[in-house]
Protein chains: 2
Amino acid sequence: MKILITGGAGFLGQQLVQALLKQGSIRLADDGGETEHEISGIVCFDTVEGRIKDPRVSNRTGDIGDAKTVRDLVADDTGAVVHLAAVVSGTAEADFDLGMRVNLDGTRNLLEACRGQGQKPRLLFSSSIAVFGGDLPPVVKDSTTPTPQGSYGTQKLIGELLVQDYTRKGFIDGRSVRVPTATVRPGTPNGAASGFASGIIREPLGGEEALLPVPEETAMWVASPRAIVAMFLHALALSPQDWGWHRSINLPGFVVTMTQAMATLREIGGDAAVALVRHEPDAQVQKLVSTWAARFDTTRALAMGFKADSDFGQIVRAYVEDNREAVRIPVRV
Amino acid sequence: MKILITGGAGFLGQQLVQALLKQGSIRLADDGGETEHEISGIVCFDTVEGRIKDPRVSNRTGDIGDAKTVRDLVADDTGAVVHLAAVVSGTAEADFDLGMRVNLDGTRNLLEACRGQGQKPRLLFSSSIAVFGGDLPPVVKDSTTPTPQGSYGTQKLIGELLVQDYTRKGFIDGRSVRVPTATVRPGTPNGAASGFASGIIREPLGGEEALLPVPEETAMWVASPRAIVAMFLHALALSPQDWGWHRSINLPGFVVTMTQAMATLREIGGDAAVALVRHEPDAQVQKLVSTWAARFDTTRALAMGFKADSDFGQIVRAYVEDNREAVRIPVRV
C-alpha cells in the first residue's frame, strides 16, 4: 500500500514519515477487523523537498493549489492519505489569497484527486483547534459550535465540512482531527501566531533569546509532536465504524500556562535558560491568542483510544531527546 | 445606488425585484442612522432571463461559476447585493459537481467580485435551515452546531463561513439568513426535496393532482414568499452594529404539520382540493426530511425586528392573491 503525505516536509510530516518507515507497515481497521498493510511507498509532497532519503520515500515538490499536480500524487494503490499541507494562522491572516489557495483550494484538489481515484482512500485531515474562538464555554466539547475568528480557522473548518461530505457521499473514507498547539516544535519559527509556545522553550535550550508576547497566566491547549504523530496514526487506523457519522474530533491535549512552561524550563535548563526569555507584550498576538480555546472535554477521543501526553516536563524531555543537536546549554533530563 | 440580485429570475428573486421597484428606494441603516437610497438600477442575474421588464432593471444571464462573468456584475456604484443563486437540495445531491460549482464556487466568485470593487458592499446571503440536520435538539437555536446532512446544506454553511470571514476582513459587509422552507412556492416544481410542501397546496388549487411523500404528522419550519422577501430587505437594512460579530441568523418562521396543511387546504379549496392529494410514501424524501429541523428558537431575529407569518391560512390566502392565474378551482379566501 502507498501512503501520501501532503505537507510531508514539515516537522510533523517528517516525524510521520520516520515513524512509518520504522513500522514498515500500517495497521488499518475496518468492519472485518484489523489488517496490517505493508508500506510499498511513501509520497512525501510539499513545497520544499523532504529531508528523509529512503528507497521507499518519494520526495515530490509542487503547488497544492494546482489541481493537476495533486491528481498526479494519488496512485491506484494509494490507500491512505495524510493531509497536513497548510499555510499557518499568521500567514493565512497576512496573505488571505495564499491561505485560500493552499488551505481551501488545496484541500479541494486533494479530495477531488482521491474521489477520482475511485478506491475510496482513507484520508486524515489535520484540522486545528483554531476552528474555535470568541465567546466560548469554559470547556469546549466536540459538540461546541465552531466559530473561527481568523481565516486559518475558517479554512480549516471548511476543509472539515468537505471531508465530512465527501465521506458521506462515499468518495473517500475521511477523518478530521483538530490538533492542539504543537509544542515543542523543532527548527525555526514559522508564521503561526502560537509559535511562541515552542519558541520560549526551544530558543533558550538552544542558547538563544526568546520573546514571550503574552501574559504568564495565558493558558494553551498543547500536545507534543510525538503524541500528535501517534494520534494521526491512530486516527487512520480506526475503522469507519469506530468513527461513525461525525468525522471531526478534538484531539486530547493538556492545558499549560506560560508560568508552568517557565517552571519546566527552569527545571530542565536552569535559571540561565529562563533568563533568555524576554517578556515583550504584543497586542496583536495577545488579542488572537485570547480568543483561542484552552480547555477541552475530549471524552469521545479518549474513549476511541487517542492518548495525550501526561505532563509538560515529559514533552520538553522528549524534545531534548529528539533534537539533541539543537540543544546548546547544559540540561537536566 | 445599484442593487445586484443573483438568482434574480427565481421566484423569490422576482418578488424581490418587484418589491424594490415598487419602493423605488432602499433603506439602509449604519452607525449614522438610516438613509434612504434611491435605486438607480437593479441587475437581475440568473441562468435564465428575468421576466420583469422595466427601464431600471437590467436582466443578465450567465454562469455564476465563471469568475469573469461575476466580476462584470458588480459596478462601482453597486451598494447592495442579494445572493440567492443556488442549485437546490435535490439537485445538489444528485449532481455533486454542479452543486459545488454553483453553490460554492459561485459564492466565492461573488465575494471576490465584491472585494475587488473595494467599496465594501452590503451583501445578503440566502442560506438555509438545511445547514442543520441529524441528531438535533428539540428546538434549534442560533447557537446550535450546524451539522448538514447533505451537500446543499454543506455548501450553504461554507458560504456562511466565507461571508463571515470576508466581513471580518472588511472586504464586504455581509449578512447570512437561514431561510425556512418557502411555501407556497408558485410555478412548477423544482429540484428541492422540500418541494412537496408547496405542491400539496399549489397543485390542488390549480386543479392538478399532488403527491404527499411523507406521513401527515411530518412537521416543517416554513415561511411565505412575502414574509421572506420582507425579511431579506430587513436583513439588508439593519446596520453593521445591529448585526454585530455573528453574521448568520435563523429567520423566524412557524411550524406546520402536513395534517394542518391539509386542513387549511380543505378550508380554502374544499374536499375536492384535498381529494387531489395522493399519499405516496417516498422513502428517500422521508429519510431526508426526517433529518431536518422543524422547531426553532429565533429570539435574536425577532429582537432584531424580523417578522414571521402568523398562520398557514394567511400564507395560502396570500398565495391565492398573488397567483390568481394559477388557481383554477373555486376557493374561499
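Residues are numbered from 1 along each chain as its sequence is written, while chains are lettered from A and ligands numbered from 1 in the order in which they are written. Since the model is predicted, local features need pLDDT of at least 70 and side-chain atom pairs count only at pLDDT 80 or more, whereas totals for chains, interfaces and linings use all residues.

Let's start with confidence. The complex receives an ipTM of 0.95 and a pTM of 0.96 from the predictor.

Chain A holds 12 helices and 14 strands, where helices (H or I, at least four residues) and strands (E, at least two) are DSSP runs numbered from the N terminus. Its radius of gyration is 19 Å, close to the 20 Å that the globule rule gives for 333 residues, so chain A is as compact as a globular protein of that length. That radius is taken over C-alpha atoms, and the rule is 2.2 Å times the number of residues to the power 0.38. Of the contacts in chain A with a separation of 6 or more, 77% are between residues 24 or more positions apart; a contact means C-beta atoms, placed from the backbone, within 7 Å.

Where the chains meet, 10 residues come from chain B and 10 residues from chain A. On the chain B side, helix α5 (residues 151-168) gives the most, with six residues.

Now to a spot inside chain B. Val74(B) sits in the loop between α2 (67-71) and β6 (78-83). Is Val74(B) buried or exposed? Val74(B) is buried, because 21 other C-beta atoms lie within 10 Å; the cut-offs are 20 or more for buried, 12 or fewer for exposed, and partly exposed in between, with C-beta atoms placed from the backbone. Leaving out residues up to four places away in sequence, Val74(B) touches Leu4(B), Ala113(B), Cys114(B) and Gln117(B). Val74(B) and Ala113(B) are 39 residues apart in sequence but 6.5 Å apart in space, C-alpha to C-alpha.

Finally, some backbone angles. Most residues other than glycine have a negative phi, and most peptide bonds are trans.

| Site | Feature | Value |
|---|---|---|
| Thr183(A) and Val184(A) | cis peptide bond | omega about 5° |
| Thr183(B) and Val184(B) | cis peptide bond | omega about 5° |
| Lys120(A) | positive phi | near 55° |
| Lys120(B) | positive phi | near 55° |

Lys120(A) lies in the loop between α4 (96-117) and β7 (122-128) of chain A, and Lys120(A) counts as partly exposed because it has 17 C-beta neighbours inside 10 Å.

Definitions and conventions:
Contact = placed C-beta atoms within 7 Å.
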